[in-house]
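The following paragraphs go through a predicted model. Please keep the sequence and the structure in view while reading.

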Amino acid sequence: MNCYPKDIWSQIEFDKLLGLLATYALSEKAKQQILELQPISDFNTIDQDLSQVEEVRLASLRSEHIPFSVYENIDEDLYLLTKEGYVLTQESLLRIHMVLHSAKAIIDFFNDKSFENFPQLKKIISTNPNAQEALIQFDRIFDAEGEIKPNASPELALIYKSIRSKENELNKTFKSLVTRYKKSGYLAESVESMRHGRRVLSVLVENKRRINGVIHDESATGKTVFIEPNEILAINNELFNLEGEKKKEYYKILKGFCDLMRPMVPDIHGDYEMILALDKVLAKAKFAKSMGGVKPMILNKPHLEFYKAYHPLLLLKNNDLNEKTIPFNLHLQSKNRILILSGPNAGGKSITMKAVGLLQIMTQCGLLIPASSESRVGIFKQFFTDIGDQQSIEDDLSTYSSRLVNMREVLAQTNEQSMVLIDEFGSGTDPKIGGAIAESILKEVNHKKTWGVVTTHYSNIKFFAYQTRGILNGSMNFDTDSLVPTYELKVGKPGSSFAFEIAQKSGIPNGILKYAKYKTGKNQKSVEQLLVDLQSQQQKLVEQSETLKQKEKQLQRLMDQYDAMYKDVEFKRRKIKMENKQRKLTKVHDEQKAIEKLVKEMRLKESSETLQSEVKQRAQEQKALVEEINEIKEEIYYNDKVDPADLVVGGYAKLREGGSIGKILRIEKNKIDLAVGAFTMTLKVRDVVPCAEPIEQNSKKAINTSLNKEKGNFETKIDVRGYQISDAVATVQVFMDEALINNAIDLKIIHGKGTGKLRQAVHRKLKEYNAIKSVGHPEDAYGGEGVTLIKLA
């Protein structure tokens with residue numbers, strides 16, 4: 001990552017932001033690493049870092065708080081522990097214990113949550129078996145207060161037992177002596193004390209020769225001496241020796257413990273690194289919470305699209321002062337990569353420019369930003385700034401010279417993946433010459449397709465931005481009535497400096513301002529106003545164009561809705577016509593059957609021939625009606641042409657009649673195999689239309705059937721006894737679709753009586769078909785309610 005100049009972070013105040021962020025970390029090492037944060041350009045790493053912080057932020061909103069406690073740097077402790085034979089102090093071991101204990105609490109928390117809400121954060125969390133074993137060994141040796149347990153070793157347990165025995169003996173003897181000497185009036189008000197780790201009597205100075213023993217000390221006033229009586233001298237000596245043995249045993253225990261832990265150092269270090277990483281993530285999340293930071297959408301290319309964005313430092317400051325902060329919207333893309341920002345001094349130009357840089361750098365450092373979550377932020381690989389007075393006595397550079405040095409680096413190094421932030425572009429020298437040089441530099445920077453935000457007061461720069469593709473003007477709004485800035489960013493329109501108006505408000509005499517206006521000349525003001533007017537007109541045209549596009553879209557939607565409604569009405573009209581023809585066909589069919597029956601009953605030849613003629617006439621009528629129905633059906637169901645390329649094996653298709661949806665198993669010429677429910681159906685390609693996958697598919701074993709049959713071979717009866725209700729309903733649906741395609745009239749479904757639930761389910765399904773004329777049951781001798789008879793219209 002190339003960042004220039006060396007003080008770039010102080011120029012945009014990123015160092016201040018890191019200082020605030022570091023206060024949220026718990027360890028000094030984490031604080032230091034935060035202060036050294038640098039932007040990165042790897043998309044996956046940036047997205048992962050932001051996602052980890054976002055997961056912690058969202059967990060906080062759900063009141064899920066990751067357990068985390070204070071810990072200390074153990075790098076040096078672990079380094080010393082790797083040295084063969086080295087024995088760490090008890091304090092060092094307790095620091096390590098603190099880290100291991102914190103790591104266990106964190107791992108237990110995430111194991112309990114199963115990482116379901118922390119898919120990215122789990123990449124930090126690691127379980128190190130040896131580290132957990134080290135924690136078990138710690139708990140075996142140390143108590144809750146961090147002291148070595150009396151039973152840490154058998155030898156230490158014996159020493160503690162001996163100490164307790166001697167202490168009891170000492171207490172008994174000492175108590176007897178205190179009682180005797182106190183009664184004699186030899187002792188001071190506080191009868192006993194400790195000196196050099198030994199128990200002594202507090203004796204009034206005038207009585208010191210009345211008690212045999214060793215004088216260890218005297219009080220500051222000299223009125224009291226501290227004597228160890230001869231009676232307890234031997235006991236104290238033994239206790240002193242036992243304390244020495246205890247310390248030796250402590251050392252022996254610690255040495256054995258260090259030897260045991262030495263192979264575990266890599267795993268312990270793994271726990272430490274996990275805590276350190278989590279510390280930084282939690283610090284970022286807390287910092288984000290303080291300013292309402294969120295994760296924007298990340299794009300793996302240069303892009304700037306901020307909505308309701310704030311300068312983070314200004315937002316935090318104003319929040320503390322309970323003052324309002326004005327957000328801004330800014331969208332830079334490949335067609336418009338550079339924003340020329342103009343407007344009055346103290347109007348917010350520099351703040352907005354720095355805010356853009358800060359938000360971009362924060363994103364590439366894995367920090368959530370104070371903006372709308374709809375913001376979209378790209379990735380840049382180079383950052384260049386030229387902000388503030390960089391005069392250098394050391395390098396013998398004036399302000400303008402230092403700026404030219406910066407521009408030289410910008411011209412030499414920038415490309416289409418660079419971001420440039422320049423404040424007061426062209427200032428520091430003669431305005432006419434400085435403006436011309438600045439325009440020339442801007443032209444080259446734009447040619448290199450560099451991105452950036454530039455502030456200026458120069459009219460020629462604003463006019464160049466107006467004329468040049470890739471650059472757009474922007475301004476900070478100014479209330480011309482009250483002559484105060486509103487701090488609102490307006491993109492697409494250059495701003496005026498309002499120098500005369502601000503000078504007048506500041507109390508500059510009118511005579512001086514009048515002379516200044518005269519010296520400036522009318523042309524300067526008129527050119528700037530013309531530029532503002534031109535830009536405003538262009539912006540209005542753009543807005544009107546967008547409005548027209550929206551209205552055109554609305555009109556197109558209305559036309560599409562009208563076409564759909566018209567097609568629907570036409571479809572229903574033709575379908576009603578077809579249903580009327582079908583009813584007439586049924587009537588003719590019934591009459592034909594009645595005549596055929598009558599023919600069989602008649603015995604007279606003359607009458608029979610007459611009736612035979614009537615039968616033929618009815619058959620012809622029936623044939624004509626069938627043809628008419630088929631023609632109408634063609635208009636209804638086959639009016640819309642389907643591209644065979646839209647039907648692919650593995651996709652889904654819907655029957656034109658009945659609406660059943662199935663998975664496409666095979667396509668061969670004009671035939672298609674479709675898995676519908678529990679059936680595999682073979683149909684003509686023209687009988688189906690492509691569709692999306694249904695929400696739920698039945699995975700039961702398929703029952704092969706075929707709808708591609710010659711008329712007259714269709715089986716008008718099905719038996720669904722023993723089927724599950726869902727399978728029976730699916731079978732009935734396919735059966736009915738088959739019947740409609742084959743123009744069947746009388747149908748029979750055998751479902752059995754049982755509890756009646758299967759019959760009820762079948763009848764509910766049949767109610768979905770408008771083409772059904774009647775539904776009933778035969779007489780009990782022919783199945784009764786265990787059979788359903790259907791007559792189609």
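A residue is called buried when its relative accessible area is under 20%, and exposed when that area is over 50%. By this cut-off, strand β11 (residues 382-386) is mostly covered, as five of its five residues are buried. The burial applies to both faces: Q382, F384 and D386 lie on one side, F383 and T385 on the other, and all are buried.

Strand β11 also has strand partners. Strand β1 (residues 2-4) pairs with β11 in the parallel sense over three bridges, and here Y4 has F384 as its bridge partner.

An antiparallel arrangement is found elsewhere in the predicted model. Four strands form an open sheet in the order β2-β3-β5-β4, with antiparallel pairing. Because β2 (187-195) and β4 (213-218) stand at the edges with a single partner strand each, one side of each is left without a neighbour in the sheet. On average, neighbouring strands of this sheet are turned by 35° against each other, direction ignored.

Within the sheet, strand β3 (residues 198-204) and strand β5 (residues 224-229) are paired in the antiparallel sense over four bridges. Helix α9 (residues 230-261) touches β3, β4 and β5, and its direction makes about 75° with that of β5. Helix α8 (residues 154-183) lies across β2, β3 and β5, running at about 0° to β3.

E305 is found in strand β7 (residues 304-309). Is E305 buried or exposed? Its relative accessibility is 7%, so E305 counts as buried. The side chain of E305 makes a polar contact with the side chain of Y307, at 2.5 Å. Leaving aside neighbours within four places in sequence, the residues in contact with E305 are L330, H331, S375 and R376.

How many disulfides does a search of the whole structure find? The search finds zero. C365 is in no disulfide, and the nearest cysteine sulfur, that of C3, is 8.8 Å away. With a relative accessibility of 3%, C365 counts as buried, whereas C691 is partly exposed, with a relative accessible area of 25%.

Terms used
Residues numbered from 1 in each chain as written. Predicted model: local features only at pLDDT ≥ 70, side-chain atom pairs only at ≥ 80, totals over all residues. Heavy atoms only, no water. Pairing = 2+ DSSP bridges. Helix = DSSP H or I, 4+ residues; strand = E, 2+ residues; numbered from the N terminus. Axes fitted to C-alpha atoms, helices over the stretch in contact; angles between N-to-C directions. Contact = heavy atoms within 4.5 Å. Buried < 20%, exposed > 50% of the residue type's maximum accessible area, 1.4 Å probe, protein only. Polar contact = N/O pair within 3.5 Å; in protein donor to acceptor, adjacent residues only side chain to side chain. Disulfide = S-S within 2.5 Å.
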